[in-house]
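Hello,

Here is the structure I promised to pass on to you. Have a look at it first, and then read my notes below.

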Amino acid sequence: MSWGRFDTRTIVLIPIAIAINIVLGQTVGAVLKVPVYLDSIGTILVGVLAGPIPGLVTGLLANLIWGYVLPAPFHSDFAAPFAIVAAEIGLFAGILGQVGGFRSRPNTDLGRLLIGALVVVVVLGGIGYYGFLPFYAGADFTFFGDTSTASPFFVALGYVIGIGIIAAMIGLIVLLFVRRDVGVAYVAIGGLICGIISALISAPISAVLFGGVTGSGSDLLVAAFQQAGSDLQTAVLQQGLLQDPIDKTLEFLIAFVILHTLSRRFVARFPQGEKAIGLESA
Amino acid sequence: MLTLSGVSYRYAGYAKPVLHDIDLSLADGEIVGVVGANESGKSTLCLVASGLAPGSIGGAVTGGGLAIDGEPMADKPLYAFSTRVGIAFQNPATQLSGVTGSVFEEVALGPMNLGLTQRETVERTNAAMATLGIEHLWDREPRRLSGGQGQLVVIASLLAMRPPHLVLDEPTAQLDPEGTRLVGDALRALASTGTALLIVEHKTDLLDGLCHRVVALDEGRIVLDGPAAAILEDDRLAALGVDLPSRVRLARALGSRGLDAAAVLA
Amino acid sequence: MPATPSPYHRLNPLTKAVIATVGSIGAFVLGGYVGPIAIIAATLVLAWRAGVAGRLARVSLLLTLPIAISVVLVSVFTRAGTTVLFEIGPFDATVEGVDFALQTLVRLFAISLSIGLFIMTTEPRAFVFDLERRGVPPRAAFVAVATIEAVPTLVERATTISESQRARGLDTEGSFVARVRGLLPIVGPVIIGSLTDVEERSLALESRAFSRPGRRHLLWAMPDSGWERVLRWALVIGLVAAAAARISGRI
């Protein structure tokens, strides 16, 4: 396994990847107002194309530049301390690329596709269920049960999350079967694991430095979990474990689609490109 | 003196070579035009002549290889090529580095990368900008230049490295007529510096009157190689998908009407 | 960049960066109210001397205001506490919650001001090249400067593409689904286009001896002075001392 190389192409790619991170991250938040960040796609691409260490560096630099160098309107006061998380994402994506996690495996037989779909559903469902436990247990709002005493706001939030998770599951399965490509399942699992790791690392940073607040939709979730009885640290962790896996899985899948949309010739010229995409006949 | 001896080249991951048995020489101060249909291998030829193939993009060069002033360049690091042969492409936007705030800094970037002293860098930058007549643009933002101006800055940036040879791959392809005119004048100015030029162009008018020699490519092979005046009037060019220079077309049109072209055009 | 540079502007970029870093980390290290408010005051004084106080305060307020709402929700209403001030529906605002919220807000404002002052008084390229003069590798400096350029360039590209899409009748307003569908035809070409540029850009840079190892003699020279060096070290040592005190003594 290679840790990656910083050749000229990589050096040229990194700023563009960081720009993609920042522009997507800020636009998605502003335009779509959905609880996903989508600010690491560039980092993932560098990790896969150039290797784990370049991916790590990209994540670090992206957040530091976003936080310390760029002027408004591209500035973020929150990005800098999360540089560690961004670095972890780049590193993880790079390692996943090295072991072939981003390869396309087309024409997979139906059996393997079904197994892949099952694994994804189980893992995603597990996360959703864990995230919903406090909703069920909290006395104030069980949104499947008696909703008369619950704040309609949080009931609605619960529904949104539930729908989001189910939509993600359906989307994944559709992608799997339309492309007949079990590579999608590998990428999804990778994203889920990365999301869990990211949540674990970012929770203390968010709780201690920012009081659990980042000015995005995730704050609502933190508030919800706190209302359900968790203390700040736990609430932030719960929010992270719910949101990060979904966000990272989505980002990994988008990166996967991008990687396979780019021409093979282009990808192959990057240090780890061939290894990431897999060798096919020219 | 830049020579390619019996060079064949195939891209990485492809079995078929794109260039076959290329024998090409570029003497000091010589200006050679390259013409040919699309996909005839002209761009690949530029990449091989500048060392970027296989240096940066991989692939396999077979045959005698590239040699500059007798020295084989096969195992040299990439940055060693930049002081021997520079290369300019079509799109000014992707050739400007994107890290400089002024045209002066942009042109100075190459010499700085070479580790030259401040004094040498400034000298070379001024000289290169003067040659191309862009001193008045010195503090403009490179991003905001027109296409033609951008290409001039690109060529100046290469010239500042003082390479004895310059390869230009369709420098006017993405430019409007004004930009094309600017670059055409710039090429003439370059000619007077004694830099050897290898110019790939569809617009044979640019090559007409500028080049000493013209080479025609067809399917990766050199099929014509001779003095510019002769080649640009060669009947076989049309069959190769190359537009003749307007001078030649006009002369033929006049001639076919029985007019004495030489007298009319004098 | 403002039209009339002040003495603060003319400080060495690294000095200004250290001030910003110490200010922002210090706001967190010192905790409570006194520390961050002192940092806010100090930063505003420096900003006033630099002639950017008004602009800085406005921008930082704009940036922190949306977060204030979240802070209120997370820290005031839903945080567990004992002394209830008032109630809104199932939410109770506790003294502890208000206290925590205020502390967070003050800290965030201090961080925003510190970093904002640096950004408003420093040309990013000057900072990066000064770092390169101090030993940062040229290719790292390239990445930093190129990123600063790459972001507006990407936005320009997206704007151009979105305008041409709109001319072809693609909807970018309206319902959520419409907006997603409106975004996709823009996001795709923008990302793919920017990525494919990488190939040509790296070839062009190779021709400028980009991959040559070794230091360069830069055309930029930022002045630095002895007392600035002393100040930088004093600030850093002060920060470390404060952190030590916080961890051990005043926890």
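How many residues does the contact take from chain C and from chain B? The contact takes 26 residues from chain C and 30 residues from chain B. Two residues are in contact here if their C-beta atoms, placed from the backbone, lie within 7 Å.

Before you go further, please note that this is a predicted model, in which local features need pLDDT of at least 70 and side-chain atom pairs count only at pLDDT 80 or more, while totals for chains, interfaces and linings use all residues. Residues are numbered from 1 along each chain as its sequence is written, and chains are lettered from A and ligands numbered from 1 in the order in which they are written.

**Where chain C touches chain B**

On the side of chain C that touches chain B, α6 (138-167) and α7 (176-206) of chain C each supply at least two residues. The most comes from α7(C), which gives 8 residues. Helices (H or I, at least four residues) and strands (E, at least two) are DSSP runs, numbered from the N terminus. By type, the residues of this side of chain C are 11 nonpolar, 5 polar and 10 charged. For that count, Ala, Val, Leu, Ile, Met, Phe, Trp, Tyr, Cys and Pro are nonpolar, Asp, Glu, Lys and Arg are charged, and the others, Gly among them, are polar.

**Chain B as a whole**

Chain B has 13 helices and 11 strands. Its radius of gyration is 19 Å, close to the 18 Å that the globule rule gives for 266 residues, so chain B is as compact as a globular protein of that length. The radius is taken over C-alpha atoms, and the globule rule is 2.2 Å times the number of residues to the power 0.38. Along the principal axes, the C-alpha atoms of chain B fill a box of roughly 65 × 45 × 30 Å.

Of the 266 residues of chain B, 51% count as buried. A residue is buried if 20 or more other C-beta atoms lie within 10 Å of its own, exposed if 12 or fewer, and partly exposed in between, with C-beta atoms placed from the backbone. Among contacts in chain B between residues at least 6 apart in sequence, 67% join residues at least 24 apart.

**The sheet around β3 of chain B**

Now find the open sheet of 6 strands in chain B, which has the order β7-β8-β9-β3-β10-β11 and mixed pairing. At its edges stand β7 (85-88) and β11 (221-227) of chain B, each with a single partner strand, so one side of each is left without a neighbour in the sheet. Two strands pair if DSSP finds at least two bridges between them.

Strand β3 (residues 31-36) of chain B pairs with strand β9 (residues 196-200) of chain B in the parallel sense over 4 bridges. Across this pairing, B:V34 has B:V200 as its bridge partner, and B:G33 stands opposite B:I199. Another 5 bridges join β3(B) to strand β10 (residues 213-218) of chain B, and these two strands also run parallel. There, B:V35 stands opposite B:A216.

Is β3(B) mostly covered or mostly open? It is mostly covered: 6 of its 6 residues are buried. B:I31, B:G33 and B:V35 point one way from β3(B), while B:V32, B:V34 and B:G36 point the other way.

**The partners of β1 in chain B**

Strand β1 (residues 2-10) of chain B is joined by 5 bridges to strand β2 (residues 19-26) of chain B, and the two run antiparallel. In this pair, B:L4 stands opposite B:L24. Also antiparallel is the pairing of β1(B) with strand β5 (residues 65-68) of chain B, over 4 bridges, where B:T3 stands opposite B:A67. With strand β4 (residues 60-62) of chain B, β1(B) pairs in the antiparallel sense over 3 bridges, and B:S8 has B:T62 as its bridge partner.

**A helix in chain C, and chain A**

Helix α5 (residues 124-133) of chain C has the buried residues C:P124, C:F127, C:V128, C:F129, C:D130 and C:E132. They pack against α1 (13-30) and α6 of chain C.

Chain A has 11 helices and 0 strands. Of its 282 residues, 58% count as buried. Residues 24 or more positions apart account for 74% of the contacts in chain A with a separation of 6 or more.

Enjoy exploring!
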